[in-house]
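User: Hi, I'm new to this one. Can you walk me through it?
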Amino acid sequence: MDPHATESVPAPSGEASVVLDIGGDRGALVITTGESLVGLEIEVRRPHLPWDGTHTAVRRRDVRPATQFAGVFGSLPAGDYEARLKGIDRGPVVSSVVNGGEVTQMVWPAEALPTLETLHTVETLPTVAPA
């Protein structure tokens, strides 16, 4: 893979378009955000371990009854996790617990939204128009 290649934000996803691999000791984590985070990436790690690059993009998700904006980690080993916006080394870190066989849902807290000072350090992905 070309290290200089850029990714683009996929078009909004619809209902039943995400595959989750949960069961036993694996669960999923859905992090709902505001629209302002679309195109940014959220990364997770186990507490006190280095950030290892496990991340997902925040996308628009057209589901009934309303549009949501979220990042989905479709299969994680059960346990405690910390999450942050990828590329913001000194930004806020939020915590969550993933249980095996379950989908954990959390809302990205308003106090963890990036400030103008931190946003200039994050490379956002270009937006792709819906097909």
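What follows is a short chat about a sheet, a core and one arginine.

Analyst: This is a predicted model, where local features need pLDDT of at least 70, side-chain atom pairs count only at pLDDT 80 or more, and totals for chains, interfaces and linings use all residues. Residues are numbered from 1 along each chain as its sequence is written, and side-chain values use heavy atoms, leaving out hydrogens and water.

User: What order do the strands take in the open sheet of 4?
Analyst: The order is S4-S3-S7-S8, with antiparallel pairing. Strands here are DSSP runs (E, at least two residues), numbered from the N terminus. Two strands pair if DSSP finds at least two bridges between them.

User: Which strands stand at the edges?
Analyst: Strand S4 (55–57) and strand S8 (94–98). Each has a single partner strand, so one side of each is left without a neighbour in the sheet. Neighbouring strands are turned by 30° against each other on average, direction ignored. Those angles use axes fitted to C-alpha atoms, on a scale from 0 to 180 degrees between N-to-C directions.

User: And S3, how many bridges does it share with S4?
Analyst: Strand S3 (residues 41–45) pairs with S4 over 3 bridges, in the antiparallel sense. Glu-41 has Ala-57 of S4 as its bridge partner. Glu-43 stands opposite His-55 in S4. S3 also pairs with strand S7 (residues 79–85), antiparallel, over 4 bridges. There, Val-44 has Ala-83 as its bridge partner.

User: Are the residues of S3 buried or exposed?
Analyst: 5 of the 5 are buried, so S3 is largely enclosed by the rest of the structure. Buried means under 20% relative accessible area, exposed over 50%, partly exposed in between (1.4 Å probe, protein chains only). Both faces are covered: Glu-41, Glu-43 and Arg-45 on one side, Ile-42 and Val-44 on the other.

User: New topic. Which residues touch the most others in the largest nonpolar core?
Analyst: Leu-29, Ile-31, Ile-42 and Trp-108, out of 18 residues. Such a core is a set of buried Ala, Val, Leu, Ile, Met, Phe, Trp, Tyr and Cys residues joined through side-chain atoms within 4.5 Å. S7 gives the largest share, 3 residues.

User: What does Trp-108 contact?
Analyst: Leaving aside neighbours within four places in sequence, its contacts (heavy atoms within 4.5 Å) include Ile-31, Leu-37, Ile-42, Ala-83, Val-94 and Leu-113.

User: Last one. Where is Arg-61 found?
Analyst: In strand S5 (residues 59–63). Arg-61 counts as buried, at 9% relative accessibility. A polar atom of the Arg-61 side chain lies 3.1 Å from the backbone oxygen of Ala-70.

How values were computed: Polar contact = N/O pair within 3.5 Å; in protein donor to acceptor, adjacent residues only side chain to side chain.
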